[in-house]
Amino acid sequence: MQPRELSFTSHRVRCAAWHLPGTGDAPARPCVVMAHGFGGTLDTGLFAFATPFAESGWDVFAFDYRGFGASNGRPRQDVSVRRQREDYHAAVDAARHLPGVDPDRIVLWGTSYSAGHVVAVAAGRPTIAAAVSMTPAADGLASLALIIRRHGVGHLARLAAHGLVDATAAILHRRPHQVPIVGRPGTTAMITVPGAAEAYPSLAGPTWRNEVGARHALEVARNRPVAAASGVRCPVLVQIGTRDQVVPVGAARRMARRLGPRGCLQEYPVDHFDVYAGPWQRRAVTDQIAFLRRVLD
């Protein structure tokens with residue numbers, strides 16, 4: 001099954017997307033709108049999730065954020081929470097007009113950073129039919145506390161210093177200052193937990209780059225999907241890895257509780273990157289399909 005490459009516009013910028021039509025002859029199909037997590041791109045493991053959805057009879061519309069992968073936009077590699085959520089909204093608008101798609105059955109799918117985005121976007125868009133939030137980055141304040149506990153305040157201070165350099169470069173219209181997305185423990189990178197420097201690149205496609213604008217280190221605390229959870233009106237599957245070293249597990253559980261009866265929490269004895277390949281990926285996507293069948297039919 002090969003996706004059809006297309007594009008849509010978000011705030012006057014062209015964003016790259018893949019469209020996989022669902023199998024079967026249903027006249028109007030649900031559509032799963034999906035994007036990757038922190039620094040991720042379309043070609044970095046998303047196809048392993050998109051294909052089973054399409055085989056289940058649902059269309060899939062997967063996209064790259066502005067400034068990432070095959071999408072246009074500058075600065076490149078800049079993780080902006082606001083812009084990425086705007087891109088989700090634009091992608092939903094585009095997906096609703098695909099031939100054969102039921103505009104009233106749009107599903108949001110996210111992982112890691114985007115798993116938080118889908119909760120925030122769903123809270124502001126009551127027509128969303130359902131959402132899947134896999135290993136979510138649910139609370140930036142809790143993430144900062146986790147970084148300090150695991151790596152020390154010095155590591156956080158170094159990231160903040162790089163962030164100030166990048167923010168200054170933006171003000172002066174100079175070239176962005178970037179740091180690696182993942183690095184080995186003890187190095188200066190956004191994610192330095194054991195195994196991350198090997199796990200993330202092993203999933204990477206040709207458009208992925210191990211670099212990100214350092215200014216995001218100054219924005220982490222403002223990313224708080226947990227605060228929006230009580231406003232969500234659709235069913236949400238929250239999948240948590242109980243051994244997750246990248247995002248705070250307690251914050252993800254709090255987000256699931258704040259969803260109230262709309263939340264469905266499932267936990268797995270895995271680390272953050274274990275859900276992208278192998279048996280735990282298959283388990284995660286199987287549970288996602290079962291959840292969506294239950295809430296969409």
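How many helices and strands does the protein have? In this predicted model, the protein has eight helices and ten strands. Its C-alpha atoms fill a box of roughly 55 × 40 × 35 Å along the principal axes. A compact globule of 297 residues would have a radius of gyration near 19 Å, and the 18 Å of this protein agrees with that expectation. Of the 297 residues, 58% are buried. The chain also brings together residues from separate parts of the sequence: among contacts between residues at least 6 apart, 74% join residues at least 24 apart.

The crossing of α1 past α8 is right-handed. On the α1 side, the contact is made by Ala 48, Phe 49, Pro 52 and Phe 53. On the α8 side, the partners are Gln 281, Val 285, Gln 288, Ile 289 and Leu 292. What kinds of residue make up the contact of α1 with α8? Seven are nonpolar and two are polar, while no charged residue takes part.

Buried residues of the helix are Phe 49, Ala 50, Thr 51, Pro 52, Phe 53 and Ala 54. Besides α8, the buried residues of α1 pack against strands β2 (13-20), β3 (29-35), β4 (59-63), β5 (101-111) and β6 (130-134). Just after the helix comes Gly 57, whose phi is positive, at about 100°.

Which residues does a cis peptide bond join? The bond lies between Arg 74 and Pro 75, with omega at about 5°. Pro 75 belongs to the loop between β4 and α2 (81-95). Positive phi values also turn up in residues other than glycine, and His 11, with phi near 50°, is one of them. His 11 sits in the loop that runs between β1 (4-10) and β2. With a relative accessible area of 47%, His 11 is partly exposed. Thr 135 is another example, with a positive phi near 45°. The loop between β6 and α4 (140-151) holds Thr 135. Is Thr 135 buried or exposed? Its relative accessible area is 2%, so Thr 135 counts as buried.

Cys 31 is in no disulfide, and the nearest cysteine sulfur, that of Cys 234, is 15 Å away. Cys 31 has 0% relative accessibility and therefore counts as buried. Cys 234 is in no disulfide either, as the nearest cysteine sulfur, that of Cys 264, is 13 Å away. Cys 234 also counts as buried, because its relative accessibility is 5%, and the cut-off for a buried residue is under 20%.

Notes. Residues are numbered from 1 along each chain as its sequence is written. This is a predicted model: local features need pLDDT of at least 70, side-chain atom pairs count only at pLDDT 80 or more; totals for chains, interfaces and linings use all residues. Side-chain values use heavy atoms; hydrogens and water are left out. A crossing is left-handed if the near helix is turned anticlockwise from the far one by less than a right angle, and right-handed if clockwise. Helices (H or I, at least four residues) and strands (E, at least two) are DSSP runs, numbered from the N terminus. Contact means heavy atoms within 4.5 Å. Ala, Val, Leu, Ile, Met, Phe, Trp, Tyr, Cys and Pro count as nonpolar, Asp, Glu, Lys and Arg as charged, and the others, Gly among them, as polar. A disulfide is a pair of cysteine sulfur atoms within 2.5 Å. Buried means under 20% relative accessible area, exposed over 50%, partly exposed in between (1.4 Å probe, protein chains only). The radius of gyration is taken over C-alpha atoms; the globule rule is 2.2 Å times the number of residues to the power 0.38.
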